Amino acid sequence: MQFEVWAPLARERAVLRLEDTELPMDRDPERDGWWTAEAPAADGTRYGFALDGGPVLPDPRSRRQPDGPDGTSAVVDQAAYEWRTPWRGRELPGAVLYELHIGTFTREGTLDAAADQLAPLAELGITHVELMPVCPFPGTHGWGYEGVSLWAVHEPYGGPEALKRFVDRAHGLGLGVVLDVVHNHLGPSGNHLPRFGPYFTDTHHTPWGAAVNLDTPGSDEVRAYLLGSALAWLRDFRLDGLRLDAVHALADHRALTFLEELSTAVDALSADLGRPLFLIAESDLGDPRTTTPRAEGGLGVHAQWNDDFHHALHTTLTGESQGYYADFAREPLAALAKTLTRVFFHDGTYSSFRGRTHGRPVERTRTPAHRFLGYAQTHDQIGNRALGDRLSATLSPGLLACAALIVLTAPSTPMLFMGEEWGASTPWQFFTDHPDPVLAEAVRTGRRREFASHGWAAEEIPDPQDPATRERSCLDRSETGKEPHARLLAWYRELIALRHGQPDLSDPDLAATKVAYDEEARWLAYRRGDLRIAVNLSAEPVRIPLGGTRIQHGGGRVLAAWEPVGPPDGNGVLRLPPESGVILAGG
């Protein structure tokens with residue numbers, strides 16, 4: 001077997017440590033900075049690299065870290081797993097995604113335990129599960145965004161074989177699998193890449209320190225490292241897509257950006273494999289060029305999260321106006337109407353949170369809506385709150401039902417966060433498991449200092465290092481058989497079935513969506529083809545003038561309603577009970 005490592009910082013020698021044997025490595029004459037060695041090895045063989053007499057380090061391209069990020073690597077025979085499910089893939093258009101975190105989706109916190117809970121998601125009508133990061137990180141439990149071995153699977157989750165079993169099980173149920181990957185930084189502990197080469201650069205700075213090197217000397221190999229990792233997830237684990245964390249934090253000034261290079265490589269792999277593959281970016285730029293095809297001058301990423309939709313919906317439901325919610329909260333229904341029809345609220349408008357204009361308009365006559373994900377809750381929007389409280393902690397079942405109705409009938413691709421479908425009462429809090437006591441205390445103190453500036457007392461903020469914080473965040477599935485959770489779950493199931501069964505609800509034409517609203521009366525109504533969707537977010541009944549010839553002449557058949565509601569009257573006026581919503585056909 002050939003072992004190789006890019007280690008341009010090794011000035012004199014590199015050594016392959018194979019179990020208890022040390023073998024000298026040779027410089028590759030055709031690849032600058034690369035060292036190679038041939039040695040017999042099998043699945044599970046432990047190895048690492050020592051540079052210039054230094055300690056044995058894990059392989060930057062390690063496929064398995066049995067003892068965590070600081071331990072030696074292990075050889076993985078990718079052909080050893082026997083796939084059970086033939087899979088042709090599942091495209092993003094028409095999808096309903098479900099974001100989940102392996103460590104809290106079940107109390108066991110493993111991929112195998114999570115796989116045992118996939119059948120209810122398929123029955124719900126979910127098409128793809130979106131896994132939060134699974135790369136190795138220090139300790140057992142964490143969000144996963146401090147991963148340091150970008151080609152491997154966190155061992156406490158079950159390692160690489162468990163991920164393959166998870167994907168196989170999901171595909172057997174008809175579910176696609178998307179994985180969240182982090183290219184903008186690595187965690188502060190267990191990151192050995194700087195010992196090998198210029199993986200980071202001080203030319204740019206990010207919230208996590210030195211930037212990943214995408215555009216300074218040595219960046220060709222760093223890009224190849226990240227590209228290879230991304231393609232390996234899609235190829236070796238049969239994943240259907242990748243979610244790219246915070247692409248706005250990628251410091252990259254080259255003419256051919258990393259994102260364009262990545263989207264090109266993924267499209268080529270898709271053609272080679274004969275199944276659809278896609279990339280979903282998390283971006284704070286408000287720039288439609290991220291998802292514009294490369295042939296039209298864009299970066300060719302296939303979709304992106306749309307936080308503007310979330311912020312508009314959140315302020316509409318809760319009335320919150322702090323921080324980045326301020327601009328949306330001034331006229332929340334107007335903001336929501338804009339994101340339903342024009343995607344971005346800030347599309348060249350002034351952002352008071354940023355202190356400048358922000359964003360760029362979406363060409364809605366040319367841009368399909370499925371390129372943008374819409375959601376009421378995500379791991380970020382829950383977990384980055386002081387107490388990790390979900391919408392269910394403060395909203396009535398009726399308002400939760402309205403949120404679901406808007407997300408699942410909007411033009412954008414809908415995404416749910418785990419447990420949302422039954423209004424889970426469990427919080428989802430920020431938790432870590434750093435073995436390093438200095439780092440653990442820094443994280444704990446930093447979290448409390450952050451929220452002290454917003455008026456929170458230190459003792460009110462959950463300790464990220466306390467195992468109880470993670471335990472509180474685990475889902476409690478016993479709730480699904482109790483009220484009001486069971487009713488809400490049935491509502492989600494009904495809405496998802498309608499989204500799949502009514503072509504108008506998955507129509508990607510943004511320009512065809514027509515919206516009306518009343519800020520004072522707190523109602524909103526919009527048209528999707530021949531369907532009308534209306535929500536009453538107030539505590540009083542409302543009369544909503546839907547208009548339309550067909551509505552006025554006996555149209556408006558009720559397809560789904562949270563509370564009992566009749567069709568519009570002869571004048572096209574709909575009487576909608578408090579905190580409820582409805583889908584009407586024949587509009």
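Guide: Let us begin with the surroundings of a single residue, bearing in mind that the model is predicted. Leaving aside neighbours within four places in sequence, Trp233 is in contact with Val134, Cys135, Leu150, Trp151, Ala152, Val153, Leu163, Leu179, Val181, Arg238, Leu239 and Leu242.

Visitor: Which residues touch the most other members of the largest nonpolar core?

Guide: The general idea is that in soluble globular proteins, nonpolar side chains tend to be buried together. Here the largest nonpolar core has 138 residues, and Phe166, Trp233 and Leu242 touch the most other members. Helix 11 gives the most to this core, with ten residues.

Visitor: How does one read the packing of helix 11 against helix 7, and what is the angle between them?

Guide: One reads the angle together with the distance between the axes. Helix 7 (residues 307-318) and helix 11 (residues 397-409) pack at about 155°, with axes 11 Å apart. An angle over 145 degrees counts as roughly antiparallel, so helix 7 is roughly antiparallel to helix 11. Their crossing is right-handed. Helix 7 contributes Phe309, Leu313 and Leu317 to the contact, while helix 11 contributes Leu399, Ala403, Ile406 and Val407. By class, this contact has seven nonpolar residues, with no polar and no charged ones.

Visitor: Is helix 11 roughly parallel or roughly antiparallel to helix 14?

Guide: Helix 11 and helix 14 (residues 485-501) pack at an angle of about 15°, and their axes are 10 Å apart. Helix 11 is therefore roughly parallel to helix 14. The crossing of this pair is right-handed. On the side of helix 11, the contact includes Pro397, Leu400 and Ala401; on the side of helix 14, Leu488, Trp491 and Arg499 are among the residues involved. The contact of helix 11 with helix 14 has twelve nonpolar, one polar and one charged residues.

Visitor: Turning to the backbone, which peptide bond is cis?

Guide: For a peptide bond, one inspects omega. The bond from Glu483 to Pro484 is cis, with omega near 5°. Pro484 lies in the loop between helix 13 (467-473) and helix 14.

Visitor: Where is Glu19 found, and what is its phi?

Guide: Glu19 has a positive phi of about 55° although it is not a glycine. It is found in the loop between strand 2 (14-18) and strand 3 (21-24). With a relative accessible area of 43%, Glu19 is partly exposed.

Visitor: What is the phi of Glu579?

Guide: Phi of Glu579 is near 45°, a positive value in a residue other than glycine. Glu579 is in the loop between strand 26 (573-576) and strand 27 (580-585), and at 24% relative accessibility it counts as partly exposed.

Notes:
Residues are numbered from 1 along each chain as its sequence is written. This is a predicted model: local features need pLDDT of at least 70, side-chain atom pairs count only at pLDDT 80 or more; totals for chains, interfaces and linings use all residues. Side-chain values use heavy atoms; hydrogens and water are left out. Axes are lines fitted to C-alpha atoms, for helices over the stretch in contact, and angles run from 0 to 180 degrees between N-to-C directions. Helices (H or I, at least four residues) and strands (E, at least two) are DSSP runs, numbered from the N terminus. Angles under 35 degrees count as roughly parallel, over 145 as roughly antiparallel, 65 to 115 as roughly perpendicular and the rest as oblique. A crossing is left-handed if the near helix is turned anticlockwise from the far one by less than a right angle, and right-handed if clockwise. Contact means heavy atoms within 4.5 Å. Ala, Val, Leu, Ile, Met, Phe, Trp, Tyr, Cys and Pro count as nonpolar, Asp, Glu, Lys and Arg as charged, and the others, Gly among them, as polar. A nonpolar core is a set of buried Ala, Val, Leu, Ile, Met, Phe, Trp, Tyr and Cys residues joined through side-chain atoms within 4.5 Å. Buried means under 20% relative accessible area, exposed over 50%, partly exposed in between (1.4 Å probe, protein chains only).
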